[in-house]
Amino acid sequence: FGSAADVQAHLQNIGPHVQRISELQALYETALATGADDSVDRRGTGRNLATKAADAKPQLQELLVTFDTIEPPPLLAPFHRDVRKLINLRLDAYGKTIKGWDAELAGGEHEAIYGEVEKTLAEANQLIQALNEQMVQITTSLASAASATSP
């Protein structure tokens, strides 16, 4: 993946961004904790999901801008690109959530839009699994490099 120092530095640079992506998704998902009658049923309403999406979306857009200023080592470019893709998938899902709520308020077709939100979030979740697997490979490689250079 490159020199251990470069890889380590890159992981430190993107670490806060990755953590913030998770925090913003957790914020969005708090809307799933309550339904229309505030009972715990893991089913959000268009209104409460759109409110959380509207809160998270500008923060995630700002995060993307700062993330794009980070230059990855060449061999970590695919990993970096996948993290960027994750950010964009989340942004897309949040935008669709807001669009779905707007359509619902207007009395228009919103179920298909919410279906798109679910597909986009599912794709993001699959990407997270792939990123986690890549991270294991990267940290294993770092650990091997560290043990190879230890006296």
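Here are some friendly notes on the side-chain contacts of this predicted model.

1. Ground rules. Because the model is predicted, local features need pLDDT of at least 70 and side-chain atom pairs count only at pLDDT 80 or more, while totals for chains, interfaces and linings use all residues. Residues are numbered from 1 along each chain as its sequence is written, and side-chain values use heavy atoms, with hydrogens and water left out.

2. The aromatic pair. Rings of Phe, Tyr and Trp (its six-membered ring) pair if their centres lie within 6.5 Å; planes under 30 degrees apart count as stacked, over 60 as edge-to-face and the rest as tilted. The count here is one aromatic pair. Its partners are Tyr28 and Tyr94, with ring centres 4.9 Å apart and 35° between the planes, which makes the pair tilted.

3. What does the pair of Tyr28 and Tyr94 tie together? Tyr28 belongs to helix α1 (residues 4-29) and Tyr94 to helix α3 (residues 77-105), so the pair links parts that are 66 residues apart in sequence. Helices (H or I, at least four residues) are DSSP runs, numbered from the N terminus. Tyr28 and Tyr94 are both buried, where buried means under 20% relative accessible area, exposed over 50%, and partly exposed in between (1.4 Å probe, protein chains only).

4. Salt bridges, starting with Arg84. A salt bridge is a side-chain nitrogen of Lys or Arg within 4 Å of a carboxyl oxygen of Asp or Glu. You will find five of them in the structure. One of these joins Arg84 to Asp68, with 2.7 Å between the closest N and O atoms. Arg84 sits in helix α3 and Asp68 in the loop between α2 (46-67) and α3, so this pair ties together parts that are 16 residues apart in sequence. Arg84 is partly exposed at 31% relative accessible area, and Asp68 is partly exposed at 39%.

5. Lys96 lies in helix α3 and Glu116 in helix α4 (residues 111-149), so their pair connects parts that are 20 residues apart in sequence. The shared partners make one network of Asp92, Lys96 and Glu116.

6. A closer look at the network. Asp92 and Lys96 are both in helix α3, four residues apart, or about one turn of the helix. Lys96 is buried at 18% relative accessibility, whereas Asp92 is partly exposed at 33% and Glu116 is partly exposed at 37%.

Conventions. Helix = DSSP H or I, 4+ residues; strand = E, 2+ residues; numbered from the N terminus.
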